[in-house]
Amino acid sequence: MVSFIQQIVNGLQLGLVYAVIALGYTMVYGIIQLINFAHGDVFMVGAFMGYYGYTFLKLPWPVALVMAMVVCAVVGVLNERIAYRPLRYAAKIAALISAIGASFFLEYFCSLNFVFGPDYTVIHPPIPNITWIIGGVRITNVQVIILVTVVVFLALLQLLIFKTKMGSAMRTVSFNHDAARLMGVDVDQTISFTFAIGSALAGIGGVLFGFAYPELWTFLGVMTGLKAFIAAVLGGIGIIPGAVLGALIMGQVEIMTAAYISSQARDAVAFAILIIVLLIRPSGLLGRNELEKI
Amino acid sequence: MDKNKQIILALVSVLVLYAVLEALMMIGILGPYWQEIMRYAMVVAIGALGLSIIYGFTGQFSLGHAAFVGIGAYAAGLFNLTFRHYGIPAFLGSLVVGAVVAGLVGYLIGVPILRLKSDYLGIATLGFGFIVTNGLQNADKLIPALGGARGMTGIPQVQSFGWYYALVLIVVILVRNFVFSTHGRACTAIRENETAANVVGVSPARTKIMAFTMGCALAGLGGALYAHNIPFLHPDSFNFLESINYLIVVVLGGLGSLTGTVITAVGWAFIMEVLRMVLGPLYDFRGVIYAIILVVVIIVRPQGVFGGIEASFLVPQIKRRKAHAAAGD
């Protein structure tokens with residue numbers, strides 16, 4: 001029983017990291033219906049920026065976190081400006097291919113020797129390891145930091161979306177671009193802002209990922225990003241609570257499979273569950289099944 | 001007849017191209033290394049034509065195409081290793097086995113998941129792709145010959161370019177005949193508007209499953225050829241990134257253009273090597289430049305390089321006489 005609770009705690013740690021990344025996917029999908037393949041690579045940039053911040057610049061880690069968020073936001077916005085905006089009203093698949101190109105660009109560019117380099121980087125998080133044992137369950141300070149940081153930023157995001165002018169602009173644009181424009185919403189600016197917020201969240205995910213799993217490389221974003229994306233789909237893509245729910249489920253599934261079935265099968269089981277959920281609820285757990293209009 | 005002239009001209013140019021390539025190989029301008037890439041280009045072309053049926057003509061988004069290439073490759077390899085015949089009949093037999101096994105798996109997975117639409121279908125196929133690579137990595141626990149994560153070796157190699165070239169031609173003709181048949185037009189109707197197609201009597205479920213099965217069988221055929229071109233099969237050669245590559249080829253080629261798919265497949269297979277030659281000491285930058293080319297090309301031509309363009313000998317001639325007769329009545 002104790003070991004089961006321990007696995008739940010470990011799964012929660014992974015799920016929370018997925019959650020902040022999944023939010024970026026779901027926000028972008030909600031607003032321009034694009035699978036932003038480069039988002040996982042923005043997450044990777046965030047992980048490296050956090051590492052450079054607290055290792056080379058000797059910043060306290062919360063400052064390094066903010067730095068990573070800013071850099072990621074800039075990367076995300078530039079990415080949208082250069083690779084997606086020219087294709088906004090072209091076929092969806094064209095923007096998707098452009099997103100794949102942007103993803104390749106970030107991966108290969110960051111792998112160059114004068115950027116992050118092609119090798120694995122083992123990092124030393126700036127936080128001393130503290131472990132508390134509560135009823136036999138080991139809880140580390142890193143897990144607490146992840147939980148608190150993610151919850152705080154989720155609350156801020158909720159405030160931003162439902163209590164600010166920009167938030168209501170985002171909701172309007174995700175509903176209908178033309179209607180939003182007629183209501184006087186600057187659609188381009190709103191989309192840029194959405195990319196900035198989503199990418200900053202990926203930056204948080206990156207820094208926290210570095211604390212929890214201190215080994216980075218430039219292709220880190222491929223698999224982690226893909227799983228976060230799958231989590232967003234599981235919850236119902238475009239729906240913000242869905243992304244968090246999907247990510248938490250994804251974290252549990254992965255850790256439980258690794259613990260009780262086989263660590264090699266963790267991806268396969270996660271994807272099998274995804275396919276089964278999609279077959280039962282084709283729009284994800286919290287998604288609405290809309291009837292197609294003729 | 002004008003049409004016959006076109007077809008004869010096309011046949012002659014195809015033969016001349018083959019003769020030129022063979023001559024270049026004989027002289028040694030195209031060494032063994034380039035020959036391997038040429039054969040690989042043919043493999044990509046066949047696999048991409050499969051995805052072209054699924055996505056280009058029927059509009060069913062698949063992000064797991066490489067998994068079916070992998071299934072074909074492993075099935076063909078296992079067939080050859082089990083029966084230990086290394087001649088041309090065994091080679092051709094293994095091609096059939098690869099295509100049939102991949103087509104069968106495509107059918108079985110297609111029946112449930114083709115109910116999903118657009119991005120959700122893409123994600124389900126992506127998930128299936130991961131399950132296949134994961135399964136292949138652990139396949140040695142069931143069948144040791146598959147090699148699991150260590151990879152599969154010992155498959156007899158067939159290195160004469162002629163087979164690969166001929167198979168691409170056969171597949172192009174087959175796909176072209178399919179696309180312009182009743183069934184092919186049903187596929188296009190589904191792509192354009194599923195509801196409207198259904199109303200005029202095209203069964204969406206049956207048409208999608210048929211297209212998906214055919215596309216997967218072609219992927220399997222490509223995979224079987226792959227197994228004879230590269231003496232080492234590894235699950236990672238058929239992973240998610242490889243599926244993305246097939247998607248890139250089909251979209252950049254222009255959805256619904258067979259000419260574009262084949263030309264882009266060959267171009268794609270060569271681009272990395274060409275970049276490496278051109279860049280020389282700046283070789284490290286080839287990935288970055290490839291990414292930039294990708295983004296620029298798709299922004300300049302969102303419909304694909306050959307979008308809406310088809311070599312005229314591939315397009316059937318409209319039967320003018322009948323049309324006139326109908327108009328006269």
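Good morning. Helix α10 of chain A is mostly covered, with 15 of its 21 residues buried; a residue is called buried if 20 or more other C-beta atoms, placed from the backbone, lie within 10 Å of its own. Helices here are DSSP runs of H or I with at least four residues, strands are runs of E with at least two, and both are numbered from the N terminus.

What we have is a predicted model, in which local features need pLDDT of at least 70 and side-chain atom pairs count only at pLDDT 80 or more, while totals for chains, interfaces and linings use all residues. Residues are numbered from 1 along each chain as its sequence is written, and chains are lettered from A and ligands numbered from 1 in the order in which they are written.

To return to α10(A), residues 240-260, its first and last C-alpha atoms are 30 Å apart, close to the 30 Å expected at 1.5 Å a residue. That expected span is 1.5 Å times one less than the number of residues.

Strands β2(A), residues 131-134, and β3(A), residues 137-140, pair in the antiparallel sense over four bridges, where pairing requires at least two DSSP bridges. A:W132 stands opposite A:I139 of β3(A). Two residues lie between the strands, and A:G135 takes a positive phi near 60°.

I turn now to chain B, which has 13 helices and two strands. Of its 329 residues, 47% count as buried. Among the buried ones are B:F240, B:E242 and B:Y246. Their cover includes α4 of chain A, together with α2, α3, α5, α11 and α12 of chain B. Just after this helix, B:G254 takes a positive phi of about 105°.

Finally, the two chains meet. Here 31 residues of chain B are in contact with 33 residues of chain A, contact meaning that C-beta atoms placed from the backbone lie within 7 Å. On the chain B side, α4, α5, α10 and α12 each supply at least two residues. Which helix gives the largest share? That is α5(B), with eleven residues. By class, this side has 22 nonpolar, seven polar and two charged residues. Nonpolar means Ala, Val, Leu, Ile, Met, Phe, Trp, Tyr, Cys and Pro, charged means Asp, Glu, Lys and Arg, and the others, Gly among them, are polar.

Definitions and conventions
Contact = placed C-beta atoms within 7 Å. Buried ≥ 20, exposed ≤ 12 C-beta atoms within 10 Å, placed from the backbone.
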